[in-house]
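Good morning. I have one structure to show today, and I will go through it part by part. Please have a look at it first.

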Amino acid sequence: MGEVMQLKTGSEGIGVAGRRFTKVNEIIERHGRTPSALIPILQEVQEEYRYLPEEILTYIAVAMGLNPANVYGVATFYSQFSLAPKGKYVIRICDGTACHVRGSEKIKTALWEKLGLSDERKTTDDLRFTVETVSCLGACGLAPVVMINDRVYGQVTPEGINEIIDQIIAEEEGEKNAPEEN
Amino acid sequence: MLRKKTDLDRMRDELRDLYKKETARILVCAGTGCVANGSLQVFKALQDELEKHGVFITLELLAGEKKPGVTAVKSGCHGFCEMGPLVRLEPSGVLYIKVKPEDAPEIVEALVSGGPPVERLLYHHPVTGEVFAEEEAIPFYKNQQRNALANCGSIDPEEIREYIARDGYQALAKVLTELKPEDVCREITASGLRGRGGGGFPTGLKWDLTRKAKSDKKYVICNGDEGDPGAFMDRSVMEGDPHKILEGMAIAGYAVGADEGYIYVRAEYPLAVERLKKAVQAAEDYGLLGKNILGSGFDFQIKIKEGAGAFVCGEETALIASIEGKRGMPRPKPPFPSDSGLWGKPTLINNVETFANIPRIITNGAAWFRKAGTEKSPGTKTFALTGQVVNTGLIEVPMGVTVREVVYGIGGGIRGGKKFKAVQIGGPSGGCLTEEHLDLPLDFDSLLSAGAMVGSGGLVVMDEDTCMVEVARFFMGFTQNESCGKCVPCREGTKRMLEILQRAVDGEGRVEDLEVLEELALAVKDGSLCGLGKTAPNPVLTMLQYFRDEYLAHIAEKRCPAGVCQALAAYAVIAEKCKGCGRCKKVCPVEAISGEVRKPFTIDPEKCIKCGACVDVCAFKAIARGGK
Ligand SMILES: Cc1cc2nc3c(=O)[nH]c(=O)nc-3n(C[C@H](O)[C@H](O)[C@H](O)COP(=O)(O)O)c2cc1C
Ligand code: FES
């Protein structure tokens, strides 16, 4: 196993990589190595790192005795998985039918403008915000809907979403400037 | 641990006696919509207030104390999400809307003192101003018939004992003690229940096919992928009444001879996953799932699988591939899952709502089920009513009611006094219906004949300001994006169709596109491997059928009659409406607007960049976009 780790971690320091893989190992152990565990494992790994680093995909493949191309195929098939790092705040704008006919497009434009993002550029350089569109968050009665991490916001307006973002930025700045606790 | 049916009966009776000590119950909606609006804080405030009055009581306390009291419960979705957070009182049936934590003292005071309900929190009819105290009297609810949704909003989904007190798991007990598997299949067949996942396949027939398949191992799968944008019925049932799904699945397991079940839930539904997991745990603890259920010798366990965000995984063979840990790609049928499904074993796969209908059919009988709905589409169906209607939300009606009854009777008509234009049914696989279809009955066969389909039951209402070409492009964009890429007609065909529609919307449409578009639509429909491709052209075909002129206006006249498509917009001041206030002139970034105060202004089309800023600021709706 050690050999695999060294082989795949490239330029990363072994210390960091070692710790990384300990967590991955734990997740794999918990789910078992049957092929049907692959998706739940990827889900948990992504929750841990906010994305699926490529070397970890390879590592998972080797550890589970699967073909790396296979694992890569699964990871790229499902839209939930991301191979690029995502921001700390993942903003998902619903562009389902109900939200679409109630103006989700305007929310998206407002957010893109505010954060300097676009269809190609989904994450801010400081890795703070990622803006994605999804089809239906299942709260259509409250259209248009936006979800920021796990929180759902309903009946959103372009001004409203800007306020929410300002609030998050203010909180973040506050945290940064606050004296370290513990 | 319940070891036999009589244990379950006794427990139910004891719980009912306990609940009799409940003088009143406060139900706070904890569905996704209401939680987003802050219902959990409302719940906390109400609970604190009840404690202050010394009347708060829980199920545990009810058992110990002699004294009666008021319980407070977090319930599933009531369906009227837009009015949330919703608070319902029982037994009075009073419904409070848009409740804030600050309202708690008043609500509890009125409840405890036995005074009249707090009027300002009741539903006021937006047009007549009539005040409705009781939930059931509100027009939105009055015309509904809640069956699959019966418990949603009136029980605590995280408390199995509430389900048991309402005859929960009695249907399972009945099949285990009184019926043979073939009898169960026969009863379901007799009920005429058709799959609620979209296709409307006869459920009893599917069960019987799976039952007859010979194998050492079989599976039951509940399809909770609900990918249709604009639909959230399955979510509400999973969140609001999870035990009903578990019971329906266990009955199915017994009927087809399976001992293992999976519920596949969309990744976007974390609350549903959490509630289902809790429900499975509770059912196992009570011996209603697991080994030797109620001493019958029947074993059944259920596992929850989370999807990972792929619409095509709602298709049954793709879903099975996904559970197996593969890419969720459909495969050709036959073999059908009833012969070769999960890991090659016979597998019964049904939709969430289909399973939710099972327990009541078993308890009340097939004839009871047939009382609602039509001959060929019996029973009730849930729909997610959204878009430009006054009342949006989750509804359940007998099959066969008309579009008009739903849009106007329950939905309260179009918002802002606008004109009805179309209703989109069945999501990206369905189609749009127009004014001439308002009296069309909502059932499987009538909708198919009009070019739409029930699909999962999303009903999106569109008003005169909606551009049907843009809507068709929107759906095409969706299916193109979700096409898994396995078969060529779907992969390439949807891409070409999208390009054509995009051109029309961007003002670059060509007249010859029309013919190509129609040809492509038929080719994709005929040539695709799975339902995704086979139905993907439906929104386009219905658009071309019912709104052909609108499409022609886009490509031939370069005009968007609804004034939605930015590239085609031609802004003009409607002189009769313009009061000459000058606000539009101020916001115009390119100084295209000129005029004198108090006289109608004008827009210079040469300078106009079609940004729409003037329309947004005009208080008199005096600027037309469509170049009318
Ligand atoms: C592209 C596509 C998406 C589908 N999505 C769903 C879905 O989200 N939920 C569902 O229950 N059925 C969905 N279906 C239908 C399923 O393949 C299957 O017919 C259904 O789950 C069977 O259950 P029923 O007989 O109870 O309706 C979909 C089918 C296709 C082709
Ligand atoms: S369409 Fe946006 S939540 Fe359903």
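I will talk about the domains, then the ligand and its surroundings, and then a few backbone details.

Before anything else, please keep in mind that this is a predicted model.

Let me start with the domains. Chain A is assigned two of them: domain 1 covers 16-77, and domain 2 covers 89-177. The C-alpha centres of these two domains of chain A are 29 Å apart.

For chain B the assignment runs up to domain 5. Domain 1 is 17-138, domain 2 is 160-370, and domain 3 is 380-463. If you take the C-alpha centres of domain 4 and domain 5 of chain B, the distance between them is 35 Å.

Now the ligand. Where does ligand 1 sit? It sits in the second largest pocket. Strand S10 (347-351) and helix H22 (531-535), both of chain B, are the elements that give two or more residues to the shell around ligand 1. S10(B) gives the largest share of that shell, with three residues.

Which residues come nearest to ligand 1? There are 18 residues around ligand 1, and the nearest are B:Gly197, B:Lys206, B:Asn350, B:Asn351 and B:Thr354. By type, the shell residues divide into nine polar, six charged and three nonpolar.

Some individual contacts can be listed here. B:Thr354 has a polar side-chain atom 2.7 Å from an oxygen atom of ligand 1. For B:Asn351, a polar side-chain atom is 2.8 Å from an oxygen atom of the ligand. On its own, ligand 1 has 600 Å² of accessible area, and the protein covers 87% of that.

Last, the backbone. As a general point, most peptide bonds are trans, and most residues other than glycine have a negative phi. Chain B has some exceptions to look at.

The bond joining B:Gly84 and B:Pro85 is cis, with omega about -5°. B:Pro85 is in the loop between strand S2 (69-75) and strand S3 (87-90) of chain B. Another cis peptide bond runs from B:Glu90 to B:Pro91, where omega is near 5°. B:Pro91 belongs to the loop between S3 and strand S4 (95-96) of chain B.

You will find B:Asn292 in the loop between helix H13 (270-285) and strand S9 (301-306) of chain B.

That is the end of my part. Thank you.

Terms used:
Residues are numbered from 1 along each chain as its sequence is written. Chains are lettered from A and ligands numbered from 1 in the order in which they are written. This is a predicted model: local features need pLDDT of at least 70, side-chain atom pairs count only at pLDDT 80 or more; totals for chains, interfaces and linings use all residues. Side-chain values use heavy atoms; hydrogens and water are left out. A residue is near a molecule or strand if one of its heavy atoms lies within 4 Å of it. A polar contact is a pair of N or O atoms within 3.5 Å; within protein, one must be able to donate a hydrogen and the other to accept it, and residues adjacent in sequence count only if both atoms are side-chain atoms. Accessible areas come from the Shrake-Rupley method with a 1.4 Å probe; for residues, only the protein chains shown count as cover. On a 1 Å grid over the protein atoms alone, a cavity is a set of points where a 1.4 Å probe fits but cannot get out, and a pocket is an open set with protein on both sides within 12 Å along at least five of seven lines; lining residues have an atom within 4 Å of a point. A molecule sits in a cavity or pocket if more than half of its atoms lie within 2 Å of its grid points. Helices (H or I, at least four residues) and strands (E, at least two) are DSSP runs, numbered from the N terminus. Ala, Val, Leu, Ile, Met, Phe, Trp, Tyr, Cys and Pro count as nonpolar, Asp, Glu, Lys and Arg as charged, and the others, Gly among them, as polar. Domain bounds come from an automatic or database domain assignment.
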